[in-house]
Amino acid sequence: MDDIIGFTQNLRALKISRPSTKPMSGTAHLTHPKYRADIDGLRAIAILAVVGFHAFPTWIKGGFIGVDVFFVISGFLISTIIFGSLNRDAFSFTEFYARRIKRIFPALILVLVASFVFGWFALLADEYKQLGKHIAGGAGFVANFVLWGESGYFDNAAETKPLLHLWSLGIEEQFYFVWPLLLWLAWKKRFNLLTIALAVAVGSFALNVFTVRSDSVAAFYSPLTRFWELMVGSILAYVMLYKHEALAAFKQPLDRWLSAITYSHASGPRGDTLRDVQALLGAVLIAIGVMVIARDRQFPGWWALLPTLGAVLIIGAGTHAWFNRVVLSNKVMVWFGLISYPLYLWHWPLLSFARLVEGGLPSRDIRMAAVAASIALAWLTYRLIEKPFRFGSHSRAKTLILVVLMTIIGFVGFNCYKRDGLGFRFQSIVQELTHFHVDIAAEWREGSCFLNPGQEYSAFNACDSRADKEDKPSIVIWGDSHAAHLYPGFKDSFGDDFRIIQRTANLCPPILGMEIGNRPNCKNINDNIFELIKQEKPKRVVLASMWTLWDWKQIEVTITQLKKIGVTHIDLIGPTPQWTDGLPKQMFMMYKANSDHSIPYRTKQGLNPNFIQLDPAMAELAGQLGVNYISPMKIFCNESGCLTRLGDTGDSITSYDASGHLTPKGAKFLVAKFPKN
């Protein structure tokens, strides 16, 4: 802290006069605080936590809070520069943003280009299209808004987005656009800068706590709910620059008390006692956050106080605190801190691309290799790219070149997105695989016969048609999306002789009495379907679900109740083949792996073992309960593997996602094999 106090005293020696109203010309240079090795050490803790979480999420469950530590550091350092420069009447927007460009652009451009080049060879067109959008969003520093509109940070789809991590860079850059301008205007109008900082921080934090309860994705990605984390760093910078005397007066009695209870002969304030305790407490808060904050918490919310306050305590303790001096200023920690920015940029694309190439979670050895490669690339990037651009002569030329390059890569990414992922790179069947999609609204009758999570049973009223009233025996299809995807097959094979009554609801298995937290209407829906069956007396009832998601043995309750009301023909449909990363992706990987670019009709590659193990167990239970068990596995699969396609075009595939949802052609092929009586 002595370094900062010395720096502060120099500032206070200057006369703080009314700021000039003339434009900042850039003739005076921005103020920069003295280098602090311990802050680089804190960066090391943050980046190692993030990398650890992304590579080994089951071991380092809360490592993602390292980003919050980065936010505090950024807010502190940037605000120290701005406050000091304004105090000297030497703040220049041109110089400020030129320095930001030279700091941020070089490594980012390299990673964006590398991702685009690798994606050309490794990604399907729909994946490449998404990558193009993320490249454009990253180049424009709006990645957080782009990702906000897609899905959450912790869902499975996030693992296949190589530029997911650029959301935090977007928030920082948005802060850099807003905060300097706000401070400059406030300084000109002679407003109290600390009051401004406190108001922004409190407002942003309150919005964060309110939003995380109703929309956790918005709370995670929105700059309005994240700025408070940078603002606490800004407030710390102001206090350490301008309020160090008041801060010292506040700390003195605490230090005296701590010295008295710590040392046997403490005659007065020791000065270092409180610093040491403060830094250690900050480290403990961050460590607790890493250990107890998990992806299922409402984050950021109140939980984000752990890493942010921890970072504030560590930075505020100064360079002479034992933890900062001995641990954080260690050469190894400082080295990781120096490469933390390029390491942050490199590690996630390598891990994400590894997952895409492997078709699922890479092995531990592959993930360790990806981490090692990202560290090596980060060091090379720092030495060969980042430092040469940040320092040395020709500053204006470097800045202009970087802006032009970033604009070009942003346009290239946007062009890739607009041209649907440049599918011309592959043969026609691969292009068709990419563009294939199931029209759920038409095929599954979404919203009327296949209910969305927010709908109640009454929505099924729109499902019934005149054909459902005809004098034919009926079949009731009951279950979740894995029941809904059977409808095209039943309509095709049984529609002439039976009335097909579809009662399916998303995330709602046909298990009576089951309460599902994220599907509040499920129990009521199932109760009403059971009453419908009691009144309808159908010829057969079909029970289907994505059984791997639930305690499937509870289906015994439903079967027992159906038998009690006289249902004699019950079809229990087993799990459909599931592919680790979805069948289209598996077919693409086979296309690349085979020298002749052939795609086999059957394969074992990428099959999820969960459904294979579940099939015989369900068959055994069905035999014990005396119901008809139908095994999609036996229909689709043999000793050579499972059926991937029914023809030579992309729309002939049997399923289309990692959950094993069937295509309409796949459903028709399957149901055609069902017994007719």
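The following legends describe close-up views of a predicted model.

**View 1. Disulfides of the structure.**
Three disulfides are found in a search of the whole structure. A disulfide is a covalent bond between the sulfur atoms of two cysteines. When the bonded cysteines of the protein are numbered in sequence order, they pair as 1-2, 3-4, 5-6. The next three views take up these links in turn.

**View 2. The disulfide of Cys-449 and Cys-463.**
The sulfur atoms of Cys-449 and Cys-463 lie 1.9 Å apart and form a disulfide. This pair links distant parts of the chain, 14 residues apart. Cys-449 belongs to the loop between helix 20 (440-443) and strand 1 (450-451), whereas Cys-463 belongs to the loop between strand 1 and strand 2 (474-479). Because the torsion about the S-S bond of Cys-449 and Cys-463 is about 105°, the disulfide is right-handed. Both Cys-449 and Cys-463 are buried.

**View 3. The disulfide of Cys-508 and Cys-522.**
Cys-508 is joined to Cys-522 by a disulfide, with the sulfur atoms 2.1 Å apart. Cys-508 is located in the loop between strand 3 (499-505) and helix 23 (522-536), and Cys-522 in helix 23, so the pair ties together parts that are 14 residues apart in sequence. The link of Cys-508 and Cys-522 is right-handed, with 90° about the S-S bond. Are these two cysteines, Cys-508 and Cys-522, buried or exposed? Cys-508 has a relative accessible area of 1% and is therefore buried. Cys-522 is buried as well, its relative accessible area being 0%.

**View 4. The disulfide of Cys-637 and Cys-642.**
Cys-637 and Cys-642 are connected by a disulfide with an S to S distance of 1.9 Å. The torsion about the S-S bond of Cys-637 and Cys-642 is about 95°, so this disulfide is right-handed. With a relative accessible area of 13%, Cys-637 is buried. Cys-642 is also buried, with a relative accessible area of 3%.

Three strands form an open sheet in the order 6-9-8, and their pairing is antiparallel. Strand 6 (602-603) and strand 8 (637-638) are the edge strands, each pairing on one side only. Strand 6 and strand 9 (residues 641-643) run antiparallel and are joined by two bridges. Which residue in strand 9 is the bridge partner of Arg-602? The partner of Arg-602 is Leu-643.

An open sheet is built from six strands in the order 1-3-2-4-5-7, with parallel pairing. Its edge strands are strand 1 and strand 7 (628-630), each of which pairs on one side only. Strand 4 (residues 540-544) runs parallel to strand 5, and three bridges join the two. Leu-543 stands opposite Leu-572 in strand 5.

Strand 5 (residues 570-573) and strand 7 run parallel and are joined by three bridges. Asp-571 has Asn-628 in strand 7 as its bridge partner. Along strand 5, Ile-570 and Leu-572 point one way, while Asp-571 and Ile-573 point the other way. All four of these residues, Ile-570, Asp-571, Leu-572 and Ile-573, are buried. Helix 26 (residues 609-625) lies across strand 5 and strand 7 and runs at about 165° to strand 7.

**View 5. The contact of helix 2 with helix 15.**
Two packed helices are described by the angle between their axes and the distance between the axes. The axes of helix 2 (residues 37-55) and helix 15 (residues 331-338) come within 7 Å and cross at roughly 70°. Helix 2 is therefore roughly perpendicular to helix 15. On helix 2, the contact is made by Ala-37, Asp-40, Gly-41, Arg-43, Ala-44, Ile-45, Ile-47 and Leu-48. On helix 15, the contact is made by Met-333, Val-334, Phe-336, Gly-337 and Leu-338. By class, nine nonpolar, two polar and two charged residues make up the contact of helix 2 with helix 15.

Is Cys-416 buried or exposed? The relative accessible area of Cys-416 is 0%, so this residue is buried.

Key:
Residues numbered from 1 in each chain as written. Predicted model: local features only at pLDDT ≥ 70, side-chain atom pairs only at ≥ 80, totals over all residues. Heavy atoms only, no water. Disulfide = S-S within 2.5 Å. Helix = DSSP H or I, 4+ residues; strand = E, 2+ residues; numbered from the N terminus. Buried < 20%, exposed > 50% of the residue type's maximum accessible area, 1.4 Å probe, protein only. Axes fitted to C-alpha atoms, helices over the stretch in contact; angles between N-to-C directions. Parallel < 35°, antiparallel > 145°, perpendicular 65-115°, else oblique. Contact = heavy atoms within 4.5 Å. Nonpolar A, V, L, I, M, F, W, Y, C, P; charged D, E, K, R; others polar. Pairing = 2+ DSSP bridges.
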